[in-house]
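Welcome! Here is a friendly tour for anyone meeting this structure for the first time. Please take a look at the sequence and the model before reading on.

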Amino acid sequence: MSQHKAASVFDHLEQLGGGAAFAERICSMMERTDMFADLARPDIEQIAPYISVYAAKTGTRVMVEDDRESYMFILVRGRLQIVKRDEDNTDKKLAIVREGKSIGEMSVIDGMHHSATAVALEPSELLLLTKHNFDMLVERNPEVGVVMMRKIAGLMSLRLRRTSGVLVDFLND
């Protein structure tokens, strides 16, 4: 009897490298992103072994709404479109993600499903941090883990504030 492995979003991505063997390239990529740009190089070097790098072709779904795989991506090259299904099961365009920005942070923190789908609009390179690796980072290096938690919390807070502003504008129309 053969076992069928469930399909994963990673089945459609090409892994370019990760871990200690790829650390210098990952550090260079991390330094060019919003999340890590203001971190000291020693902190980036502590985080890099927990990161993998993936490539996505145009049209590839790099994150799928309601998928329970817990990970976040930081876009280092390319553009992503964020879409969410409405009650009629129609995809609604929410945002374009540009280089240096991140997606999926909530699932790394709470382990819940992804709230939207992200599709590569052009060939893209992404830094991957899984919940498992994030948890290991926090356990093995609590000081750097706290720095990452603060970065993610600040980003989520900023997005919530923006969403609240949009909601108020929408309700006033």
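This is a predicted model: local features need pLDDT of at least 70, side-chain atom pairs count only at pLDDT 80 or more; totals for chains, interfaces and linings use all residues.

- In soluble globular proteins, nonpolar side chains tend to be buried together.
- Ile47 is in contact with Met30, Phe36, Leu39, Leu137, Val144 and Met148, leaving aside its neighbours within four places in sequence.

**Helix 1 and its buried side**

- Which residues of helix 1 are buried? They are Ala23, Ile26, Cys27, Met29 and Met30.
- These residues span an arc of only 165° around the axis, so they sit on the same side of helix 1.
- An α-helix has 3.6 residues a turn, so residues three or four places apart point the same way.
- The packing partners of the buried residues of helix 1 are strand 1 (14–18), helix 2, strand 2 (52–56), strand 4 and strand 9.

**The aromatic pair**

- How many aromatic pairs does the structure hold? It holds 1.
- The pair is edge-to-face because the rings of Tyr71 and Phe73 have their planes at 70°, with their centres 5.2 Å apart.
- Tyr71 and Phe73 are both buried.

**Two residues to look up**

- Lys131 belongs to helix 4. Is this residue buried, partly exposed or exposed? Lys131 counts as partly exposed because its relative accessibility is 22%, and the cut-off for buried is under 20%.
- Along the sequence, Lys131 and Glu69 are 62 residues apart, yet in space they are 8.6 Å apart, C-alpha to C-alpha.
- Not counting residues up to four places away in sequence, Lys131 touches Ser70, Tyr71, Ser107, Val108, Ile109 and Gly111.
- Ser52 can be found in strand 2. With a relative accessibility of 14%, Ser52 counts as buried.
- Once residues up to four places away in sequence are set aside, Ser52 touches Gln15, Gly17, Gly18, Leu126, Leu127 and Leu128.

**The open sheet and its hairpin**

- An open sheet is formed by 4 strands in the order 3-8-5-6, with antiparallel pairing.
- Strand 3 (61–63) and strand 6 stand at the edges with a single partner strand each, so one side of each has no neighbour in the sheet.
- On average, neighbouring strands of this sheet are turned by 35° against each other, direction ignored.
- Strand 5 (residues 80–85) and strand 6 (residues 91–97) run antiparallel and are joined by 6 bridges.
- Lys84 has Lys92 of strand 6 standing opposite, while Arg85 has Asp91 of strand 6 as its bridge partner.
- The hairpin made by strand 5 and strand 6 has 5 residues between the strands, and Asn89 in the turn has a positive phi of about 65°.

Notes. Residues are numbered from 1 along each chain as its sequence is written. Side-chain values use heavy atoms; hydrogens and water are left out. Contact means heavy atoms within 4.5 Å. Buried means under 20% relative accessible area, exposed over 50%, partly exposed in between (1.4 Å probe, protein chains only). Helices (H or I, at least four residues) and strands (E, at least two) are DSSP runs, numbered from the N terminus. The arc is that of the directions from the helix axis to the C-beta atoms. Rings of Phe, Tyr and Trp (its six-membered ring) pair if their centres lie within 6.5 Å; planes under 30 degrees apart count as stacked, over 60 as edge-to-face and the rest as tilted. Two strands pair if DSSP finds at least two bridges between them. Axes are lines fitted to C-alpha atoms, for helices over the stretch in contact, and angles run from 0 to 180 degrees between N-to-C directions.
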